[in-house]
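Here is a short report on a single protein chain. It covers ring contacts, overall fold content and surface.

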Amino acid sequence: ERPSVAARPPPPPPLERVQGRVSASGRATVLARANTRATAAAAAASDESVSQGPPSLLVRVCDVVSSSYPMFIVAGAVLALSQPSAFAWLRPEWFSTGLAFIMLSMGLTLDFDSLRTASPRAVFSGFALQYSVMPLLGIAVARLAGLEPSLAVGVLLVACSPGGTASNLVTHIARADVGLSILMTAASTFGAILMTPLLMTLLANTLVPVDGWGLARSAMNVVLLPVLAGLTLRKFFPRLCVSLAVAMPAAASIISATLTSAAFAANVSLLAHSSAALVTAVLALHSGGFVLGFTLASAFGFSKRVCKTVSIEVAMQNSVFAITLANTHFASATVALPGAVSAVVMNTLASMVA
């Protein structure tokens, strides 16, 4: 009798038979999952394309235009000196509109979250130096240079103005802290609503009558409201602002250079008689701002990178802001001239510092 053989398990069915046993509902589940993955991938690609914003060529062109702001300032000044009539079409009341546009472009580059994440100590230090070092330097250089009252008031108006948006570009070139620079510019801009009228009333009222409340109202209309509008647009319409934020800085650079050149053109005859004293005073003002800003920031214990940022922010003023207030609130057109000279001197110095 043969020995018994242990029963072997039956061979596995062919793969085709296993696949054939998959129910219709199972196949539908697999297909649904695959479709979901494909849809998610397509949505991610779509979101990425939206976040990338405008074409790269447009971005590069706008970056070149924005980075050329110092050259626009110098070229505009040369044109204003040689052909003043080239800017005769620009009306004085358009200065406020132009400054409001520049402030709107600044608001579009900010957001509420970045304002909350700033280093309070660094921002406060920059704000304090902005509205102490520069006004004191302004009154000192105006007196030492022996400027006539209208020009002295113009120098003081520049010294009491907030930081200019050009400081952000210079900070980038100098490889300092761009984020801190933007936040310091925003802080001094908001503070200008109170600080500029207050300081001008204290320092310049002995030279010419100063309408402090009028300065405050103008600062609110051409600075605070446009910046808040830009912040609001960025908060509630972020996709729209991705596109707008690309072109707005370039447009703001052209507008700023045009307004500055127009102020030059309107005072060419006066500049010929007092150019040496005025340029010396403005040069001393901004040079002192760079030096004292860095020195005092170092004394506060900040890093070298932060000290460079503070130095640039303190020394670089919003010249268009000074020109706009000069044209709006002072009877003499020469009050706006130091702001135009400041734009050229300041950007030339900044290019050397960076």
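This is a predicted model: local features need pLDDT of at least 70, side-chain atom pairs count only at pLDDT 80 or more; totals for chains, interfaces and linings use all residues.

Rings of Phe, Tyr and Trp (its six-membered ring) pair if their centres lie within 6.5 Å; planes under 30 degrees apart count as stacked, over 60 as edge-to-face and the rest as tilted. Two aromatic pairs occur in the structure.

Residues are numbered from 1 along each chain as its sequence is written, and side-chain values use heavy atoms, without hydrogens and water.

Another ring contact involves a charge. A charge sits over a ring if NZ of Lys or CZ of Arg is within 6 Å of the ring centre and within 35 degrees of the ring normal. Arg-121 places its charged end over the ring of Phe-302, 4.3 Å from the centre.

Helices (H or I, at least four residues) and strands (E, at least two) are DSSP runs, numbered from the N terminus. The chain has 17 helices and zero strands. Phe-236 belongs to helix α12 (residues 212-236).

Buried means under 20% relative accessible area, exposed over 50%, partly exposed in between (1.4 Å probe, protein chains only). Of the 354 residues of the chain, 45% are buried.

| Residue | Relative accessibility | Class |
|---|---|---|
| Trp-94 | 36% | partly exposed |
| Phe-236 | 60% | exposed |
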